[in-house]
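The sequence and structure are shown first.

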Amino acid sequence: MRIRCIGDLERLISKVAVRRINPRELQQLKRSLMEIEEVKQLCVQSNNESLRRMGEQLNSCHSICDRIEKEIQDDPPVKVEKGGVIKSGVSAELDELRNIASSSKDILMNIQHEESERTGIPSLKVGFNNVFGYYLEVTNTHKNKVPSEWIRKQTLTNAERYITPTLKELEEKILTAEERIIPLEMQLYEQLMVALTDYVQPIQFSAQLIARLDCLQSFAEVSVSNHYCRPEVSDDAVIDIKEGRHPVIETQLPLGEKYISNNIYLDSDVQQIVIITGPNMSGKSALLRQTALIVLMAQIGCYVPADAAHIGMVDKIFTRVGASDNISSGESTFMVEMNETASILNNISDRSLVLLDEIGRGTSTYDGISIAWAITEYLHEQKDKRPKVMFATHYHELIEMADKYERIQNYHISVKEVRNKVIFLRKLEMGGSEHSFGIHVARMAGMPPQVVKRANTMLELLESKSEKIATQKFGNKKENEQKNAPHSDYQLSFIQLDDPTLFEVRDVLMGIDIDTLTPIEALLKLNEIKKNCQEKVIFFCQFKKSVYFCTRFRENKTVIKH
């Protein structure tokens, strides 16, 4: 179709309504109306009944289009005040003024030639001065041949100067031609604007039909070129997408690389909330976005990027994706996130689709987990509102919610770890994931090797401490009794491989330049390290001793009480 050649008709015709359209925009309006006629013919000849009906309703406004073609120059200036807008043949007066303005010298020469032949004065000349304008100059030799209707205005030594009514009339036209051309063109242009106002409503209606055709053509073109499927849109509360794809990301992939599609199922009775875990960069956010786009595309009448899709009607799509702050209002990233999440929770309905990505990441870990848990629980426990929810998170503690709530299911984006490298499979699978591979992503981003190595060391240290705490909390009673025995409270191990003091000492020693260190500086540095270690050991001993005496005091007090 030739829709792409049609300009913004609604904007152009709205300028006509307020008399602010310039000559170039008027030409654009004319070209658009001419293209509408081509589109109309294509629609009328179509086998589709809807297209034929739309084609019959299109109005290309032949009469006004022909008038613009007849009256306005093909390449006019932007402003009417500059002139040269109206074509020749529209106004006889305008044509005469333009002729006078452009060829005044030729006209004066013709008058001189005609008067010379009529009077028989060969030396007759036409001149001009600021006193009495244009004049006819005759030498004294031929002054007896001057006609009686000529009026003498000036006598010179060898000649006399005369004026005639015809010459004075021509003089007025020549001197005022330029000034009269612009107002006359503006008057003619205004008359055309008045005639155009009668076509505002028909052109606006045609613009709406063209916009609808443009949208449908875009849907058809993108659906055919990208192999989309026809979705089934129903009035139930089920979203079932088979092998769905992201419509934008799949077009940006390198040549030959195929987009990894995924299945999504959501309903109000069995799988209302889906908690998605998985590594960074595995595609969790893309999965949320593609679900929202597929639902939206299906409900606006477009085919969708999937093998099959059943879309229950959705009234609102809520998203909390990405991180941003509002510095001008003094709102942090976390505050903005909480504001948006609060708005979602206060406006959900039974047919809403809610997409949450990393809720609670802007605060401490335990606060974030608590908020994410409470939000998910709230969305699940609403009796009259069961929105369909997809929640992507790195809080692996939320996986436990699937065991406690019947309509929550766990999914994860699968990865494969080969030789300490991570391969993102980008496939959604049942079950939760307990590893985020953040350090692997840091290595991929180009972090210095020493930073990545140190991060791995700290990760192992923190995980080992976490395991110790878990063992102390959930181990057998015998182990707990042994660990809680009085003698272990004050028996200290001065050499612990995970002692932070050792790390400090190591960092200090690594920062010393041995080549430039004097013996005195070495002794002072050693004394500083020794003093620092002694202070920490003394503090630690005092702390453990206090804990021991408090424990004994509590036990004795309990015995006395009983």
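## Residues with positive phi

E358 is found in the loop between β11 (352-357) and α12 (365-381). The model is a predicted one, and in it the phi angle of E358 is near 60°, a positive value in a residue other than glycine. Most residues other than glycine have a negative phi. With a relative accessibility of 10%, E358 counts as buried, because the limit for that class is under 20%.

R426 likewise has a positive phi, near 55°, and is not a glycine. R426 is placed in strand β14 (residues 421-430). Its relative accessible area of 34% makes R426 partly exposed.

## Overall composition

The protein has 562 residues, of which 38% count as buried. Its secondary structure consists of 19 helices and 14 strands. Among contacts between residues at least 6 apart in sequence, 66% join residues at least 24 apart.

The accessible surface of the protein amounts to about 34100 Å². Carbon and sulfur atoms account for 53% of that surface.

## The four-stranded sheet

Four strands form an open sheet in the order β1-β2-β4-β3, and their pairing is antiparallel. The edges are formed by β1 (125-129) and β3, each of which pairs on one side only. On average, neighbouring strands of this sheet are turned by 40° against each other, direction ignored.

Strands of a sheet pair through backbone hydrogen bonds, either parallel or antiparallel. Between β3 and β4, which run antiparallel, there are four bridges. In this part of the sheet, I151 stands opposite I163 in β4. Helix α7 lies across β2 and β4 and runs at about 140° to β2.

## Aromatic pairs

A pair of aromatic rings is described by the distance of the centres and the angle of the planes. With ring centres required to lie within 6.5 Å, the count comes to three aromatic pairs. One of them joins F132 and Y135, with 5.8 Å from centre to centre and 65° between the planes. This pair is edge-to-face, because plane angles over 60 degrees fall into that class. Both partners are buried: F132 has a relative accessibility of 12%, and Y135 has 8%.

In the pair of W150 and Y162, the ring centres are 6.0 Å apart and the planes stand at 50°, so the pair is tilted. W150 lies in the loop between β2 (133-139) and β3 (151-155), whereas Y162 belongs to strand β4 (residues 159-163), so the pair ties together parts that are twelve residues apart in sequence. The relative accessible area of W150 is 7%, and W150 is therefore buried. Y162 is also buried, with a relative accessible area of 6%.

## Nonpolar cores

The largest nonpolar core holds 55 residues, and within it L26 and L29 touch the most other members. At least two residues of this core come from each of α1 (9-17), α2 (23-44), α4 (62-71), α5 (92-102), α6 (104-119), β2, α7 (165-196) and α8 (200-225). The element that gives the most is α7, with twelve residues.

Which residues does L29 contact, leaving aside its neighbours within four places in sequence? They are L9, L12, I13, V16, L196 and I203. Another core, of 29 residues, lies apart from the largest one and includes A298, V314, L353 and L428.

E504 has its place in helix α18 (residues 500-510). With a relative accessible area of 37%, E504 is partly exposed. E504 and N532 are 28 residues apart in sequence, and their C-alpha atoms are 9.9 Å apart in space.

Methods
Residues numbered from 1 in each chain as written. Predicted model: local features only at pLDDT ≥ 70, side-chain atom pairs only at ≥ 80, totals over all residues. Heavy atoms only, no water. Phe/Tyr/Trp six-rings, centres within 6.5 Å; stacked < 30°, edge-to-face > 60°. Buried < 20%, exposed > 50% of the residue type's maximum accessible area, 1.4 Å probe, protein only. Core = buried A, V, L, I, M, F, W, Y, C linked by side-chain atoms within 4.5 Å. Contact = heavy atoms within 4.5 Å. Pairing = 2+ DSSP bridges. Axes fitted to C-alpha atoms, helices over the stretch in contact; angles between N-to-C directions. Areas by Shrake-Rupley, 256 points an atom, 1.4 Å probe, with all protein chains shown as cover.
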